[in-house]
Amino acid sequence: MASPAPAAVDRPSRGWLRWLPGLAVLKSYEAAWLPRDLAAGLVLTTMLVPVGIAYAEASGVPGVYGLYATIIPLLAYALFGPSRILVLGPDSALAAPILAVVLSVSNGDPMRAVAAASLMALVSGLFCIVLGVLRLGFVTELLSKPIRYGYMNGIALTVLVSQLPKLFAISIDDAGPLREMWQLAEAVYDGETNWYSFGVGAVTLAVILLLKRFDRVPGLLIAVILATAAVSVFGLDARGVKVLGEIPQGLPTFVLPWLSNADLVKIVLGGCAVALIAFADTSVLSRTYAARTHTRVDPNQEMVGLGVANLAAGFFQGFPISSSASRTPVAEAAGSRTQLTGVVGALAVAGLLLVAPNLLRYLPNSALAAVVIAAAIGLFEFKDLQRIFRIQQWEFWLSMLCFAAVAVFGAIPGICLAVVIAVIEFLWDGWRPHFAVLGRVPNLRGYHDLKRYPQAALIDGLVLFRWDAPLFFANAELFQQRLMEAVEASPTPVRRVVVAAEPVTSVDVTSADMLRELSHGLAAEGVALHFAEMKDPVRDKLKRFELTEVFSDDRFHPTVGSAVEEYLEGVGAGRIQE
């Protein structure tokens with residue numbers, strides 16, 4: 001009698017630990033992993049600092065808040081995130097939508113910018129958590145690959161253009177990528193460029209891109225150190241090269257962000273937009289590394305982990321964060337085994353803020369811009385778009401439309417348009433699906449589309465009609481129209497229509513009512529409506545929609561062949577119409 005007790009205790013524990021994957025990993029942690037995680041964490045720190053500061057500047061908030069948005073989210077994800085080695089933090093893909101909202105509501109006040117960004121992080125976090133708890137982690141899959149390419153290319157262009165003025169040390173108004181490019185060109189032509197700043201940034205960018213091909217060489221760190229040393233040694237800050245300056249000593253504090261007299265709708269929409277972008281990227285990266293490590297990652301828990309990390313960022317003076325496709329490979333290459341790597345990195349960044357924040361005072365803004373530009377260049381996707389253009393041009397042009405929307409109207413409107421296009425694309429195949437009238441083909445089993453097999457034979461008085469989509473409100477009328485056209489086109493008077501319903505995966509109330517009307521209309525003309533190969537869940541729906549009095553059990557057949565045989569037996573020998 002005593003044996004069942006442990007199992008009874010274990011079940012709640014397992015359910016509770018499901019929401020805290022980090023604790024589950026800790027329970028099975030092996031001592032042999034510790035040296036690797038510690039070393040990987042220290043290596044990771046060399047990227048966390050410059051990248052965090054650079055992406056903060058790109059997002060429209062002071063650089064130190066990029067470090068705040070690095071420390072707390074890494075600690076939160078280590079506890080709630082399901083991936084063992086995924087690294088979270090500020091990300092270049094989020095910089096454009098964050099910047100768009102921050103600039104529109106902050107009125108040039110850095111503290112308002114921080115508050116707006118923190119509010120976006122809270123919205124993003126809550127959005128992700130709610131979707132994760134409701135097990136809706138699949139929603140990001142609604143964005144097709146060409147559409148993802150389109151908005152990511154648009155964001156990459158937006159991020160790149162937003163950093164060019166910092167590279168030239170020129171101040172211009174935020175007016176969208178194309179107008180910003182025009183303003184920048186005018187300013188350069190008018191001689192407003194600080195060529196010392198441009199030289200530092202250009203050399204930094206060149207070093208990053210040149211060393212990027214060497215996986216084990218920390219090119220970004222080397223480039224940033226060289227730029228900082230050059231400014232300090234040669235006194236370039238006195239020649240107009242803007243630098244990071246003094247960073248406040250200490251750690252981020254808990255703050256409830258709020259912004260008075262601000263457009264909260266923009267903040268909410270922006271937070272939801274960055275949540276979708278962050279989770280789309282995070283889910284892909286998470287699945288990739290799960291496959292490498294032969295582990296399974298729950299996409300819903302991934303959304304919860306990302307949401308908690310964003311909530312933590314929002315409450316501790318950070319801004320929306322995502323997974324990193326550049327820092328995660330660094331952690332993996334350095335030997336990371338678990339999220340302890342991220343914890344070590346977070347603690348090292350915190351130690352820097354506590355002990356030696358002035359190490360970064362001569363870090364030039366143009367070098368930070370170069371870091372972001374290098375990341376933005378990596379976001380562009382051209383090669384696969386060439387393949388898509390070759391095999392499916394209309395999807396390529398959808399991608400170009402999303403790209404143009406982001407480039408012309410900005411990140412948030414462009415992303416919203418991308419979502420709308422994705423939904424329309426999703427509905428289009430079901431709205432105007434393929435259909436076929438079927439016949440017998442000599443020496444070929446089964447029943448096949450007359451358009452593909454013109455030699456197929458018809459059966460006197462019988463129409464075999466296949467509908468290759470679910471039946472729902474948008475295509476119900478078209479289904480009825482196409483089926484009636486098939487009846488009217490029959491070379492012999494029709495006695496029965498058999499719908500080959502295997503592709504019909506669902507029906508709704510509108511389509512069910514259409515089937516009732518269609519059956520009554522056909523019956524008035526002496527035609528019976530039957531179904532073949534209809535799935536049981538769809539039949540169950542027809543019963544729930546009170547169609548049993550219209551379609552009795554003898555109207556349903558397990559296969560098209562059995563439906564044809566039953567018809568032929570009912571009408572006698574029958575014959576095949578050649």
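Aspartate 553 is exposed, with 56% relative accessible area, where exposed means over 50%, buried under 20% and partly exposed in between (1.4 Å probe, protein chains only). The structure is a predicted model, in which local features need pLDDT of at least 70 and side-chain atom pairs count only at pLDDT 80 or more, while totals for chains, interfaces and linings use all residues. Residues are numbered from 1 along each chain as its sequence is written, and side-chain values use heavy atoms, with hydrogens and water left out.

**Salt bridges**

Eight salt bridges are present in the structure; the term denotes a side-chain nitrogen of Lys or Arg within 4 Å of a carboxyl oxygen of Asp or Glu.

| aspartate 298 | arginine 135 | 3.9 Å |

Because arginine 539 belongs to helix α21 (residues 536-544) and aspartate 553 to the loop between α21 and β9 (556-557), their pairing ties together parts that are 14 residues apart in sequence. Helices (H or I, at least four residues) and strands (E, at least two) are DSSP runs, numbered from the N terminus. Arginine 539 is partly exposed, at 21% relative accessibility.

Aspartate 298 and arginine 135 form a salt bridge through their side chains. Aspartate 298 is placed in the loop between α11 (264-292) and α12 (299-315), and arginine 135 in the loop between α6 (110-133) and α7 (145-168), so this pair ties together parts that are 163 residues apart in sequence. Aspartate 298 is buried, at 17% relative accessibility, whereas arginine 135 is partly exposed, at 46%.

Aspartate 513 is partly exposed, with a relative accessible area of 33%.

**Proline 73**

Helix α4 (residues 64-80) contains proline 73. Proline 73 is buried, its relative accessible area being 0%. Neighbours within four places in sequence aside, the residues in contact with proline 73 are Tyr68, Ala309, Ala313 and Ile321; contact means heavy atoms within 4.5 Å. From C-alpha to C-alpha, proline 73 and alanine 346 are 8.7 Å apart in space, and they are 273 residues apart in sequence.
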